[in-house]
Amino acid sequence: MPVGPTTRRRQLGADLRRLRERKGLTLEEAGALVGISKATLSRYERKEGGVKWPAVDALCREYEATDAERTALVTLAKGARIQGWWRSLADPVPESMNLMLTLEDEAVSEDHYACMYVPGLLQTRAYAEAVHRASEMRCSEQEIEHMVDIRMKRQELLERAQPPHLWAVIDEAVVRRAVGGRDVMRDQLSHLLDQAERPHVTVQVLPFAAGAHAAAVGSFVILGGPAPELDVVYVDIIGGGLFMEKPAELARYKLAFEYLRAQALDIERSAALLNQVSREL
C-alpha cells in the first residue's frame with residue numbers, strides 16, 4: 001500500500017526521535033550539532049509542520065544512522081508535501097475533515113465501532129444523504145450533496161488493489177434504526193451484507209442481548225498505520241472529531257475493540273441477524 005504524506009511526516013518524526021534517543025542526546029544537544037533550535041527539532045519530532053530535508057540529512061549523520069536509515073528519512077522528508085485527492089475538489093473540504101481524510105487515505109486497516117450509524121465506508125448514497133440531512137440541519141441541499149459526494153469518493157479506498165482491511169462492529173441499534181425510511185434501510189442492509197462478503201471487510205453485530213459492553217461511551221475508529229506507532233484513534237463529536245495517538249489512549253481503545261469483537265455475534269450469525277431485520281422491514 002502506498003504511504004501518504006501525513007504518514008510519511010509522522011513516520012519521520014518518530015524515527016528522528018528514535019535515532020536521537022539511541023544516540024543519547026537531548027533535544028538541545030542534537031539541535032546545536034546541526035544549527036537548529038531545540039524548539040524546531042521538537043517540532044520535527046512531534047510531527048508538526050514542514051521539515052527541511054538537509055536538516056534531516058545532517059541530523060542522521062550526527063546520530064550515526066546507517067546509510068539505509070539516512071536515505072529512508074531524507075526520502076520521507078522530501079515526500080511529506082504531496083497532497084491528497086480531496087485537495088483538487090472544486091468545492092473545498094471542511095477543515096475539520098482534512099486530517100481524517102488524510103489518515104484514512106493512508107491507513108492499512110480500520111477498526112470501527114458504530115453505535116449510531118453504519119460506518120461511512122459502508123453506507124449507500126441514500127442512507128448517507130439521510131444521515132447528513134438529519135445531522136446538518138442548517139446546510140443547504142448543495143452542501144449536503146457535496147458532503148455525500150466526498151463520502152462516496154472515500155469508499156474508493158475499498159476498491160484499491162491493496163485496500164485497507166475494514167473491521168466493523170455494529171451495534172444492533174444501528175441495524176434497527178430505520179434511517180431514511182424502510183426502503184432506504186432495506187437497501188442499506190443488503191449493501192452491508194454484500195460488502196461483508198469481500199475478503200477485506202468484516203462485519204459483526206453487537207446484539208442487545210450482549211448487555212453492557214466495553215464502549216458504551218460512543219462510536220470510534222482505530223486507523224491502523226504501516227507501523228503500530230502510527231496508529232490513531234478517531235472519536236466523533238458534534239462539529240468534528242478528536243484524534244488520539246498517545247500510547248495509553250491507543251491501548252485503551254484497542255483493548256475495548258478486542259472486547260467488542262468478542263462480545264459481538266460471529267460473522268455468520270451477524271449476517272443472519274442482518275437478513276432477519278431486513279425481512280422485518
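This is a predicted model: local features need pLDDT of at least 70, side-chain atom pairs count only at pLDDT 80 or more; totals for chains, interfaces and linings use all residues.
User: Which residue forms a salt bridge with Glu145, the closest N and O atoms being 3.2 Å apart?

Analyst: A salt bridge here is a side-chain nitrogen of Lys or Arg within 4 Å of a carboxyl oxygen of Asp or Glu. Glu145 belongs to a pair whose closest N and O atoms are 3.2 Å apart. The partner is partly exposed, with a relative accessible area of 30%, and its name is Arg125.

User: How many salt bridges does this rule count?

Analyst: Side chains of opposite charge can pair when their charged atoms come close. Counted over this model, the salt bridges come to 24.

User: How many residues apart in sequence are Arg22 and Glu69?

Analyst: Arg22 and Glu69 form a salt bridge, with their closest N and O atoms 3.2 Å apart. Arg22 sits in helix H1 and Glu69 in helix H5 (residues 67–78), so the pair ties those parts together; helices here are DSSP runs (H or I, at least four residues), numbered from the N terminus. Arg22 is partly exposed at 47% relative accessibility, whereas Glu69 is buried at 18%. In sequence, the separation of Arg22 and Glu69 is 47 residues.

User: Which helix holds both Arg186 and Asp183?

Analyst: The side chains of Arg186 and Asp183 meet in a salt bridge, 3.1 Å from N to O. Arg186 is partly exposed at 27% relative accessibility, while Asp183 is exposed at 54%. Because Arg186 and Asp183 lie three residues apart in one helix, about one helical turn separates them. The helix, residues 182–196, is H10.

User: Which residues do salt bridges with shared partners join into one network?

Analyst: The pair of Arg125 and Glu145 gives a way in, as these two form a salt bridge. Through shared partners, one network takes in both of them along with others. Its members are Arg125, Glu129, Arg133, Glu141, Glu145 and Asp149.

Definitions and conventions. Residues are numbered from 1 along each chain as its sequence is written. Side-chain values use heavy atoms; hydrogens and water are left out. Helices (H or I, at least four residues) and strands (E, at least two) are DSSP runs, numbered from the N terminus. Buried means under 20% relative accessible area, exposed over 50%, partly exposed in between (1.4 Å probe, protein chains only).
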